[in-house]
Amino acid sequence: MKRYVAAMLVVLGLSACATPDTYDETRGWTVDKLYTEARSELDSGNYTRAEKLYETLEARFPYGRYAQQAQMDIAYTYFKDHESELALAACDRFIKLHPSHPNLDYIYYLKGLVYLNNDDSWFGKWGGQDMSERDPKASGEAFTAFNEVVSRFPNSKYAEDALKKMNQLVDALGGYQMHVARYYMKRGAYVAAVNRAQTVLREYGNTRYVEESLALMSEGYGRLGMTKLHDDAQRVLALNYPKSAYLSQPWKETEMPWWKFWQ
């Protein structure tokens, strides 16, 4: 009986609206209407619906300004919907397809924001996990994206904030290295601790962790019995920070966790 009914519907031309699964309310919509509806859903916070409409628009109208705008909007929609991987893929796709687009600065800026706010990164939610176990790769990727904005588009309206975030990221990355150095130091892994402190001096010499890194190196070398290197670190510390409290007392971990400074 079901087959008979289905056959009759086909004959009568009613199969397109026979079941909810085959119904498409956007059928026959113009590109303008598709974009307007998608943007309205995005602005209303209905991200899943907006994503579907943008995808439909690009599938039906793959060329022209609406398609390009939809590609940018859907990257932002994925970002707002906490779909980090999809957002990054959309950004990279846009960069590849439109390397000279006038809004390329926005896409690089958005890419940086995605990495910066990725909850799966070390820079996201702490969740009680020891920071030495977290990978700062996402923050490095964010820095690279923001640097594209600053270096390639210095007059962009996003350049000032991108530079600000870059400075914050450098400080946070230096703090991450300092935290790992403390972690090793507390566990008696003095060689590893000194190596991390050296990384702070070498790569993050413009952050607020230089003084402590010198003090930690001095203490670490001392515990390793490397007297000359201990004295050298103390001398550099005294030369650059003549009023440092570390000159009159051994290094000890700061009371406030480094990531608290960011919050």
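How many salt bridges does a search of the whole structure find?

1. The search finds 13 salt bridges, a salt bridge being a side-chain nitrogen of Lys or Arg within 4 Å of a carboxyl oxygen of Asp or Glu. The model is predicted, so that local features need pLDDT of at least 70 and side-chain atom pairs count only at pLDDT 80 or more, while totals for chains, interfaces and linings use all residues. Residues are numbered from 1 along each chain as its sequence is written, and side-chain values use heavy atoms, with hydrogens and water left out.

2. One of the salt bridges joins R49 and E25, with the closest N and O atoms 2.6 Å apart. This pair links distant parts of the chain: R49 belongs to helix α3 (residues 47-60) and E25 to the loop between α1 (2-12) and α2 (31-43), 24 residues apart. Helices are DSSP runs of H or I with at least four residues, and strands are runs of E with at least two, numbered from the N terminus. R49 is partly exposed at 28% relative accessibility, and E25 is partly exposed at 40%. Here buried means under 20% relative accessible area, exposed over 50%, and partly exposed in between (1.4 Å probe, protein chains only).

3. Within helix α2, D43 and R39 lie four residues apart, about one turn of the helix. Their salt bridge has its closest N and O atoms 3.3 Å apart. D43 counts as exposed at 55% relative accessibility, whereas R39 counts as partly exposed at 31%.

4. In helix α11 (residues 227-240), R235 and D232 are three residues apart and therefore separated by about one helical turn. Their side chains meet in a salt bridge of 2.2 Å, N to O. R235 counts as exposed, with a relative accessibility of 51%. Elsewhere, salt bridges that share partners join R39, D43 and D73 into one network.

5. Helix α6 (residues 104-116) packs against helix α8 (residues 159-186) at an angle of about 30 degrees, with the axes 11 Å apart. Axes are lines fitted to C-alpha atoms, for helices over the stretch in contact, and angles run from 0 to 180 degrees between N-to-C directions. The two helices are therefore roughly parallel, the class for angles under 35 degrees.

6. Which residues meet where α6 packs on α8? Y109, L113 and L116 in α6 meet D161, A162, K165 and L169 in α8, contact meaning heavy atoms within 4.5 Å. The residues of this contact divide into five nonpolar, no polar and two charged.

Methods. Angles under 35 degrees count as roughly parallel, over 145 as roughly antiparallel, 65 to 115 as roughly perpendicular and the rest as oblique. Ala, Val, Leu, Ile, Met, Phe, Trp, Tyr, Cys and Pro count as nonpolar, Asp, Glu, Lys and Arg as charged, and the others, Gly among them, as polar.
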